[in-house]
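Here are a few exercises to work through with the model open beside you. Try each one yourself before you read the solution.

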Amino acid sequence: MPVLLGQQGQPGFDRPLELMSDCHRRIEGFLRVFARVLDRYGSRELDEEGMNALRTAQRYFREGAPRHTEDEEDSLFPRLRELGGDDLRELLEAADRLEREHDEAESLHASVDARVDGWLESGRLSTAGTGAIASDLKKLDRLYAEHIAFEDKVLFPAAAQALGADELRCIGEEMAARRGRNTDGTQAPDTGGAQHGTRGAQR
Ligand SMILES: [Fe+2]
Ligand SMILES: [Fe+2]
């Protein structure tokens with residue numbers, strides 16, 4: 001199941017901060033998918049439905065979520081750092097903390113990913129395996145709850161105030177390019193991997 005942005009009712013690349021918040025909803029949604037599959041299949045054999053759900057969530061965290069981290073670390077934070085100034089000092093310190101939390105999340109996702117691989121291969125989790133994935137997911141839930149709330153409620157609104165229209169446009173262009181898209185959501189030429197004939201960006 002591809003995950004697309006830029007579809008009807010969703011912000012386009014001309015509203016990059018809203019797109020970043022959209023991505024948070026996907027992170028939360030796919031974490032819930034992992035939790036639901038664990039709840040349902042933790043003590044019994046995976047069936048096709050369970051496998052498909054696991055693969056979909058696994059693919060999102062392998063492909064889509066890292067692009068969101070790049071949107072923040074390579075497009076948004078550097079522009080806030082360029083602005084500098086006393087007014088933004090707290091925000092810049094927060095950006096440093098958020099980057100450390102991204103590293104923490106990445107290592108937890110790597111752990112979940114490896115365990116899900118083993119689960120898909122054997123079709124069944126051991127009691128220890130169930131406990132280990134549940135523990136990783138709990139840590140991710142806790143980490144993301146604060147991280148995402150801060151970005152949605154503090155960082156992005158402050159960035160919207162601090163950054164000019166040109167900077168926001170550049171961020172949107174970089175986000176589109178990262179997904180092999182033009183800023184209107186159509187597929188950019190000579191970019192492998194993106195879907196043909198669709199609008200939107202796989203996240
Ligand atoms: Fe973040
Ligand atoms: Fe984020």
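A salt bridge is a side-chain nitrogen of Lys or Arg within 4 Å of a carboxyl oxygen of Asp or Glu. Keep in mind that this model is predicted.

**Exercise 1.** Find out how the side chains of R169 and E173 meet, and where the two residues lie.

*Solution.* Start with the atoms: N and O are 3.1 Å apart, so under the 4 Å cut-off this pair is a salt bridge. Last, check accessibility. R169 counts as partly exposed because its relative accessibility is 43%, and E173 counts as partly exposed because its value is 35%.

**Exercise 2.** Now look at R178 and D71, and work out which parts of the chain their salt bridge links.

*Solution.* The closest N and O atoms of R178 and D71 are 2.6 Å apart. The pair links distant parts of the chain: R178 belongs to helix 5 (residues 165-178) and D71 to helix 2, 107 residues apart. D71 has a relative accessible area of 0%, so it is buried. Then widen the view: E70, D71, R178 and R179 are linked in a network of salt bridges. The whole structure holds 17 salt bridges.

**Exercise 3.** Which residues coordinate the iron ion (ligand 1), and why is the arrangement of its donors irregular?

*Solution.* First, list the donors: E72 (OE), H102 (NE2), H147 (NE2) and E151 (OE) coordinate this iron ion at 2.0 to 2.2 Å. Along the chain, these donors follow the spacing E-x29-H-x44-H-x3-E. Now take the angles: the four donor atoms subtend 82 to 172 degrees around the iron ion (ligand 1), which makes the arrangement irregular. Finally, look for the neighbour: the iron ion (ligand 2) is 3.1 Å from the iron ion (ligand 1), and E72 coordinates both.

**Exercise 4.** Describe the largest pocket and say which helix gives the largest share of its lining.

*Solution.* Begin with the volume, which is about 340 Å³. Of the 22 lining residues, F61, A65, P66, E106 and H109 are the closest to the centre. Helix 1 (16-41), helix 2 (48-83), helix 3 (89-122) and helix 4 each supply at least two lining residues. The largest share, eight residues, comes from helix 2. Sorted by type, the lining has ten nonpolar, seven polar and five charged residues.

Terms used: Residues numbered from 1 in each chain as written. Chains lettered and ligands numbered in written order. Predicted model: local features only at pLDDT ≥ 70, side-chain atom pairs only at ≥ 80, totals over all residues. Heavy atoms only, no water. Donors = N, O, S within 2.8 Å, 3.2 Å for Na, K, Ca; no water. Tetrahedral: all angles 85-135°; square planar, octahedral: opposite > 155°, others 65-115°. 1 Å grid on protein atoms, 1.4 Å probe; cavity = no way out; pocket = protein on both sides within 12 Å on 5 of 7 lines; lining within 4 Å. Points joined across faces, edges and corners; volume = space filled by probe spheres on them. Helix = DSSP H or I, 4+ residues; strand = E, 2+ residues; numbered from the N terminus. Nonpolar A, V, L, I, M, F, W, Y, C, P; charged D, E, K, R; others polar. Buried < 20%, exposed > 50% of the residue type's maximum accessible area, 1.4 Å probe, protein only.
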